[in-house]
Amino acid sequence: MGFSYITYKGKQIMFIDYTQCKSSAEMIQVLEAVAHEIGTNPGPFITLNDFTGNAASREYMKRASELAKIFDPKTKKSAVLGIHGITKLLLQAYNHLVKNKQVPFETKEEAMNYLVE
């Protein structure tokens, strides 16, 4: 749970891991930590969000939408894992708010290849 950096094919990717979150509050806590990191560093950032086994709640989506003003200008490229069913609709709604869209992928390898190309 949280975020870390992965170096893949010479590029630095911020890996945002929601897989171990057990509640909406924990997911928002991760989101806030990412907002702080992005807000206090120059960027640009390449991000990979993993929602596998979790679904974003209404509260999470509200806060993510509010923080989009911090994320969007500093995010060069973004991919997302674990998006199925209703979460696809939530991703589409979020992507309407931002310039740099989050692109869903089935595997981490596919996502990371997209991010570094």
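Visitor: Which residue in β2 does T7 stand opposite?
Guide: T7 stands opposite Q12. This is a predicted model, by the way.

Visitor: How many bridges join β1 to β2, and do the strands run parallel or antiparallel?
Guide: There are 7 bridges between β1 and β2, and the two strands run antiparallel. They form a hairpin with 2 residues between the strands, and K9 in that hairpin has a positive phi near 50°.

Visitor: And β2 with β3, parallel or antiparallel?
Guide: Parallel, over 4 bridges. One example is I16, whose bridge partner in β3 is N49.

Visitor: Is β2 mostly covered or mostly open?
Guide: Mostly covered, as 5 of the 7 residues in β2 are buried.

Visitor: What do β2, α1 and β3 make together?
Guide: A right-handed β-α-β unit.

Visitor: Let's stay with α1. What span should its 17 residues have?
Guide: Helix α1 covers residues 24-40, and at 1.5 Å a residue it should span 24 Å. The C-alpha atoms at its ends are 24 Å apart, so the model agrees with the expectation.

Visitor: Which residues of α1 are buried?
Guide: M27, I28, V30, L31, V34, A35, E37 and I38.

Visitor: New topic, rings. How many aromatic pairs are there?
Guide: The count is 5 aromatic pairs. One of them is F3 with Y5, an edge-to-face pair with 6.2 Å centre to centre and 90° between the planes.

Visitor: What about Y18 and F51, how are they arranged?
Guide: Y18 and F51 are stacked, at 4.5 Å centre to centre with 10° between the planes. Y18 sits in the loop between β2 and α1, and F51 in the loop between β3 and α2, so this pair ties together parts 33 residues apart in sequence.

Visitor: Are those two buried or exposed?
Guide: Both Y18 and F51 are buried. Ring pairs also link Y18 and F51 with Y60 in a cluster.

Visitor: Last one: which ring faces do K77 and K108 lie over?
Guide: K77 lies over the face of Y114, 4.4 Å from the ring centre. K108 lies over the face of F15, at 4.2 Å from the ring centre.

Conventions: Residues numbered from 1 in each chain as written. Predicted model: local features only at pLDDT ≥ 70, side-chain atom pairs only at ≥ 80, totals over all residues. Heavy atoms only, no water. Expected span 1.5 Å × (residues − 1). Buried < 20%, exposed > 50% of the residue type's maximum accessible area, 1.4 Å probe, protein only. Phe/Tyr/Trp six-rings, centres within 6.5 Å; stacked < 30°, edge-to-face > 60°. Lys NZ or Arg CZ within 6 Å of the ring centre and 35° of its normal. Pairing = 2+ DSSP bridges. Right-handed = clockwise from strand over helix to strand, strands pointing away.
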